[in-house]
Amino acid sequence: EVEEDDEVEEDDEDEEDDEDDEEVEEGVQKLINYVEDQSKRGVVYISRVPPHVTPDILRNLLSNYGQIDRIYLVAEDSKVRKRRAKSGGTWRKHYIEGWIEFRDREVAKWAGENLNGNQIGNSINSNLLYN
């Protein structure tokens with residue numbers, strides 16, 4: 001009778017090990033897919049962000065080139081902002097530089113080449129025409 005109980009406990013342990021192995025394999029596969037997806041992405045650096053551009057405006061302008069995943073813009077220093085506002089300027093947040101991550105590396109390369117040295121705005125009524 002004791003031998004039969006030992007065999008049942010061993011079978012339960014084997015089933016638990018199989019479930020753990022499946023979870024590990026599933027996690028490893030998710031990680032591989034994530035790494036492959038990240039390796040296909042491309043980043044465009046913007047050295048100067050025009051004064052009235054927000055992340056939403058930038059997303060709308062650059063979405064014509066392809067799918068954008070993330071946008072990161074560096075805000076100007078709070079001291080500079082206060083000094084500008086005290087001297088009669090706007091309190092609006094300005095950005096210094098930024099990075100735009102496209103889902104496809106080739107699209108990012110193409111967008112970077114087309115944007116380099118060109119004006120962002122395309123309408124005479126646009127605040128961005130000469131930036």
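**Close-up views of a predicted model**

**View 1. The largest nonpolar core has 14 residues.** Leu58, Leu62, Ile100 and Phe102 have the most contacts inside this core. A nonpolar core here is a set of buried Ala, Val, Leu, Ile, Met, Phe, Trp, Tyr and Cys residues joined through side-chain atoms within 4.5 Å. Buried means under 20% relative accessible area, exposed over 50%, and partly exposed in between (1.4 Å probe, protein chains only). E1, H2, E2, E3 and H4 each supply at least two of the core residues. Helices (H or I, at least four residues) and strands (E, at least two) are DSSP runs, numbered from the N terminus. In soluble globular proteins, nonpolar side chains tend to be buried together.

This is a predicted model, with residues numbered from 1 along each chain as its sequence is written. Local features need pLDDT of at least 70, side-chain atom pairs count only at pLDDT 80 or more, totals for chains, interfaces and linings use all residues, and side-chain values use heavy atoms, leaving out hydrogens and water.

**View 2. Three strands form an open sheet in the order E1-E3-E2.** The pairing is antiparallel; two strands pair if DSSP finds at least two bridges between them. Strands E1 (42–46) and E2 (68–75) stand at the edges with a single partner strand each, so one side of each is left without a neighbour in the sheet. From one strand to the next, the twist averages 15°. Five bridges join E1 to E3 (residues 95–102). Tyr45 stands opposite Trp99 in E3.

**View 3. Helix H4 (residues 105–115) packs on the sheet.** H4 touches E1 and E3, where contact means heavy atoms within 4.5 Å. The direction of H4 makes about 25° with that of E1. Axes are lines fitted to C-alpha atoms, for helices over the stretch in contact, and angles run from 0 to 180 degrees between N-to-C directions.

**View 4. Side chains alternate along E1.** Gly42, Val44 and Ile46 point to one face and are buried.

**View 5. Arg84 lies in helix H3 (residues 78–86).** Arg84 counts as buried because its relative accessibility is 17%. A polar contact of 3.3 Å joins its side chain to that of His94. Such a contact is a pair of N or O atoms within 3.5 Å; within protein, one must be able to donate a hydrogen and the other to accept it, and residues adjacent in sequence count only if both atoms are side-chain atoms.
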